[in-house]
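Subject: Structure handover

Hello,

Here is the structure I said I would pass on. My notes on what was found in it follow below.

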Amino acid sequence: ATAAACPAYAADLCTDAHMKQMDKLIAEMTDPTKQKEATAALDQSKAAMEKGDKAGCMQHMTEAHKAMGL
């Protein structure tokens with residue numbers, strides 16, 4: 001809900017810099033199941049970002065954050 005209400009915030013999470021930060025954080029995760037979930041969601045988020053699909057990027061980014069416990 002926050003991302004939808006604040007487009008600038010949404011845009012900030014769909015950047016190469018944030019993707020790199022997420023890759024690093026996911027690599028440091030200790031729960032392999034959650035790590036796999038976060039990686040899958042992040043991969044989908046990256047794919048959406050490459051297509052210019054901001055809504056899809058944010059949806060998958062939110063899923064990745066949830067899998068990471070954020």
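In which helix is the place of His 65? His 65 sits in helix H5, which covers residues 54-67. Please keep in mind that this is a predicted model.

His 65 has a relative accessible area of 15%. Since the cut-off for a buried residue is under 20%, His 65 counts as buried. Setting aside residues up to four places away in sequence, His 65 touches Leu 13, His 18, Met 22 and Leu 70.

The chain as a whole

The chain has five helices and zero strands, and its pattern along the sequence reads α-α-α-α-α. There are 70 residues in the chain, and 31% of them count as buried. Among contacts in the chain with a separation of 6 or more, 53% are between residues 24 or more positions apart.

The disulfide

The count of disulfides comes to one. This disulfide joins Cys 14 to Cys 57, with an S to S distance of 2.0 Å. Cys 14 lies in the loop between helix H2 (7-13) and H3, while Cys 57 lies in helix H5, so the pair ties together parts that are 43 residues apart in sequence. The torsion about the S-S bond of Cys 14 and Cys 57 is about -120°, and the disulfide is therefore left-handed. Are these cysteines buried or exposed? Both Cys 14 and Cys 57 are buried.

The salt bridges

Side chains of opposite charge can pair when their charged atoms come close. How many salt bridges does the structure hold? It holds two.

One of them is between the side chains of Asp 23 and Lys 46, at 2.9 Å from N to O. Asp 23 is in helix H3 (residues 16-27) and Lys 46 is in helix H4 (residues 32-50), so this pair ties together parts that are 23 residues apart in sequence. Asp 23 has a relative accessibility of 36% and counts as partly exposed. Lys 46 is also partly exposed, at 21%.

The side chains of Lys 24 and Glu 28 also meet in a salt bridge, at 3.4 Å from N to O. Lys 24 is exposed, and its relative accessible area is 55%.

The nonpolar core

The largest nonpolar core has 16 residues. Which of them touch the most other members? They are Met 22, Ile 26, Ala 38, Leu 42, Met 61 and Met 68. Helices H3, H4 and H5 are the elements that give two or more residues to this core. H5 gives the most, with five residues.

Met 68, one of the core residues named above, is in contact with Met 22, Leu 25, Ile 26, Met 29 and Ala 38, leaving aside its neighbours within four places in sequence. Met 22 is also on the contact list of His 65, the residue in helix H5 with which these notes began.

Regards

How values were computed:
Residues numbered from 1 in each chain as written. Predicted model: local features only at pLDDT ≥ 70, side-chain atom pairs only at ≥ 80, totals over all residues. Heavy atoms only, no water. Helix = DSSP H or I, 4+ residues; strand = E, 2+ residues; numbered from the N terminus. Buried < 20%, exposed > 50% of the residue type's maximum accessible area, 1.4 Å probe, protein only. Contact = heavy atoms within 4.5 Å. Salt bridge = Lys/Arg side-chain N within 4 Å of Asp/Glu carboxyl O. Disulfide = S-S within 2.5 Å. Core = buried A, V, L, I, M, F, W, Y, C linked by side-chain atoms within 4.5 Å.
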